[in-house]
Amino acid sequence: MTWAFVVIAIAKTIAAFVLLLGVTILLVWFERKVIADMQARIGPNRWGPFGLLQTLADGIKLFFKEGLRPRPADPWTFAIAPVAAMVPSLLAFAVVPFGHEVTIAGHRIFWTLTDLNIGILYFLAMGSLGVYGIVLAGWASGSKYPLLGGVRSSAQMISYEIALGLSIVPVIIASGSLSTVSIVAQQGGSIANVNAFNGIPVLETIAHWFRFLPNWYIWSQWPAFILFMIAGVAETNRAPFDLPEAESELIAGYHTEYSGIRFALFFLGEYVHMVVISAIGVTLWFGGWHGPVFWHGWGDWLWPFVWFMVKVTIFLYTFVWLRATLPRLRYDRLMWLGWKRLLPAALTWIVVTAVVNTPDIPRYYRFGVFGILFLMVIAWIGRGDPRLREAVVPQRHLGPRPITTSRGLDS
Amino acid sequence: MAGGVVQFVFAVTFVMALGCSIAMLFAPNAVHVALFLVGAQIALAVAFLLEGAQFDAIMQIIVYAGAIMVLFLFVIMLLGVDRREALVEPLRFQRSLAAGLGLLLAAALVYVGYRSVNLVVGGAGSGAIEAINRSPGNTQGIARVLFGTYELPFEATSVLLVVAIVGVMVLARRISGAQAREAARAEQEAAGREEEAA
Amino acid sequence: MAIPELAKGFRMVLRHVFRRKETVAYPEVRRQPFPRFKGRHVLDRHPDGLEKCIGCELCAGVCPADAIYVVGAANTPEHRFSPGERYAQIYQINYLRCIFCGLCVEACPTEALLMSTEYEISGDSRASLIYTKDQLIVDAPIRRHWPTRKELPPDFNITGGGLSFTEVERPPVPIPLPTEGVSGPFEGGWSGERDTASAFSDRGPRRED
C-alpha cells in the first residue's frame, strides 16, 4: 500500500510537471499565432507543422547562448533570481484539479497533485513568493533599468495580490471551503440544483428556463471573476500591466541583463504563471473539469481532463486578446486602479456575498441587500470622474475614436 | 516509515532555519540579509506544516515571506544598499543597554524552550494543535479560536494597527499648497533680514 | 462609462482575426514592387550602345549619404564610351550608405542613372556591397516601364495626392538580363534615341552634334 502510494505520488508529480511544461511550451507558440491573427499576420510557420516546433527551436537556441553577467551584478542573487521566478509558479499548480479520477489496478487516483484543505491559500502563498524572482533580478543586475523594473514590480505585485486574494474570498464564502477539489465538486450538475429561488413565483420559472446551464460559480460570482481576471493579469506582469518589463520605457525591465538559459527561465516562468492563473480561474468560476457528458461509460476518465484543457485554452486566448487590445497603463493609473477601484469593489462584493450566503437571514432581506448593494457597486464603478467629464471638449474625430480604458485623474 | 520521513524533513528545516538565521547575522549586504530572513521564514513555514498547523504555515509565507519581506526589499532598493553604516553610536548607552536587553531576551528564550521541552516530554502541551485540527479542520478551528475565544484581543490588535496607520499618515502627509506658500514666504523674509543685517 | 468603448476595442481586435493576412511568405513568394519602386540603381545606355553617363559627378554631388563615387575621364576617338566629351571611368555606389532617396536620379542630366525595382541587396562583406560600374551598367538600353508625365492621361491630377500606381495599365517590364547586346565603343548612328531616353521631355540628353 505505502509503496503504491509513493509510486502514484511520484508519477502524478511527473505527469503534472510534464503537462504544465508542455502546455507552457505550446502556449508560447499559441500566443504568437493568436496575436499574429489579431494583427493580420501569419506568425511562426517555419518549424514543424504550423510552426509548432518554433518554441523548441527558440529554447534550444537560448540554451546554447552565452549567459552574460554584468560586472556590477551580485553573482549569487543574479543566479538565484530566474529560479525564484519560475519555481513558485510551478509549485502553485500542485493544488489544481485538472481532471476527475482514474482507477488503475484498483487504486483510485485523483487528477490532483494534492488536495490541501488550504489549497486556495497555498496558491496565494506561491503567488506572493513569485515577486522575489523579479525583484531580485532587478536588484541583482546592478543596472538602472532592471532596478526600476524590480521596484515597479514589487509595488505592483503587492498591490494586486491583495485584490487577487480578496476577489477569491467571495467564492470561498459561497462554497464554504478552501480546498480546490471540493470547490470543483460543488460546481457539478445543472443550475437546476440551486434552490435559491424556490417558492418565488416568477423567479422560479425563470430559473427553470435556465436549467440547461451548468452550476458554475460564474453565474453568481461574475463580479469577483472580473476582479480576479484584472488582478490575475497584473500578477503575471502581462499587458496591459507589463510595467516591470515595459519595452518602450525600461528596455526589458527586470530581465534586461539576462541572456541565455536564465532569460529562458524568466520567459517560461511568465507563461507558467499564465497557465496557473487560468487554471485557478477555471477551477473557481468555471467548474474545473466539469463539462457536458456525451457518452456514459466511455472515456469517463478522459473527458474531465479534456474539458479542463478546453476551458484553460479559452482563458489563455483571453490573455492574448487583452495583450493585443489594451495599451500599457501609466504607473499612477495602475496604482489608482488597484487601490481605489479593485480593492473597494472586492471588499464590497465580499460583504454582499457574505450577506447573501448567510442562511440565518430571511431570504427576502438577503435579496434586498443584494439588489441594493449590487446597484451601488455598478453605479460606483461606472460613474467615472466628474472632473474629467467636464474637461472633455466634444469634438469631431476624423479617424477612429481613441479607446478610453479608464477615466479620471489621480486623486 | 512516515515518522522517519517527518523527522528527516524536520531536521532539514531545522538546519535551514538555523543556517539562514546565522548567515543573516553575518551577511554584509542588506539585500542578502533580507534573503536569508526569507529563507528562515520559509523553513519555519515548513516546520509549521509538519506540526499540522497548515493555516499558520501558509500565513507565514503569505504575510511574512510574501508581503513584509518584499516591502523590506523595496525599501532597501529605494534607499540604496551601497551606503556605509555609521559605526559611531549617537546614543552613548546604546551598546551596553542592547547587550543587557539581549541577555534578558536570551534568558527568556531559554526559559520558554526549557518549559516547552518539559511540556512535550510530559505530554501536556502537545494536544493544542490536535484539538484545533480535530473537526472540521485546521482553518475552521483557528477561525473559531480567533473570532470566538480571543475575539477581543484580536479586534484590539486591529484597532492598534489602524491607529498606527493613521499616525503614519498624519506624520507623512504633505503640506497643503497654502501652508507651503506661507512657509516659503517666512523663509524668504528670514533670509532677507539676514542679508540686511549683513 | 468606459465599458462600451472597451467592448468596441476588443471587438475590433477580434475582427482582425478573420481578416486576410498581410504577410508574404518572402523567400517563396515575392511581391512585385510598384513600377517606380526605388531599388538598386542601373546605368542606362543609348540605343546605339553608348553609355549615357557622361561622368559629370552631379549624382555624387547631390547624394546626401555620400554613397556615390565617380571619376570621369575624356573620351578619345579610339575609345569612345559616351556621346559627350567625358565618360565615367570609375562609377561606384556603396549600398551600405545609400538611403535610396533617388536624388541622384533626379540630378542626372542625361538620365543615365535610373533605379530598378530590385530590392534584394545583401552581402557578406563590405566590399561586395560597393557596386562597381560593370555591375551597375546594363548591356542593352532599358525601356522605361512607368508612365512619364507625358504619358499620363491629361486630366490626371499629380499634385492632388492622387498619384496612384493603380492607374498604370501597362504591366511592369522587367529589366532585361545581360545578353550579348551591344557594348563597348561607339559603332553606329544615334537614331531613335529620344523614343526611350527622354522621360522628362524638357531635360533630354545633351548631345554633341
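What share of the contacts in chain B with a separation of 6 or more comes from residues 24 or more positions apart? In this predicted model, the share is 51%, with contact meaning heavy atoms within 4.5 Å. Local features need pLDDT of at least 70 and side-chain atom pairs pLDDT 80 or more, while totals for chains, interfaces and linings use all residues. Side-chain values use heavy atoms, without hydrogens and water, residues are numbered from 1 along each chain as its sequence is written, and chains are lettered from A in the order in which they are written.

Chain B has 8 helices and 0 strands, taken as DSSP runs (helices H or I, at least four residues; strands E, at least two) numbered from the N terminus. Of its 198 residues, 17% are buried, that is, under 20% relative accessible area with a 1.4 Å probe, counting protein chains only.

One residue to look at is B:Thr13, which sits in helix α1 (residues 2-26) of chain B. B:Thr13 counts as buried because its relative accessibility is 6%. Leaving aside residues up to four places away in sequence, B:Thr13 touches B:Ala43, B:Val46, B:Ala47 and B:Leu50.

A cavity is a set of points, on a 1 Å grid over the protein atoms alone, where a 1.4 Å probe fits but cannot get out; lining residues have an atom within 4 Å of a point. Grid points are joined across faces, edges and corners, and volume is the space filled by probe spheres set on them. The largest cavity has a volume of about 130 Å³. It is lined by 13 residues, and A:Ala85, A:Ile134, A:Gly269, A:Glu270 and A:His273 are the closest to its centre. The largest share of this lining, 4 residues, comes from α10(A).

Note on methods:
Buried means under 20% relative accessible area, exposed over 50%, partly exposed in between (1.4 Å probe, protein chains only). On a 1 Å grid over the protein atoms alone, a cavity is a set of points where a 1.4 Å probe fits but cannot get out, and a pocket is an open set with protein on both sides within 12 Å along at least five of seven lines; lining residues have an atom within 4 Å of a point.
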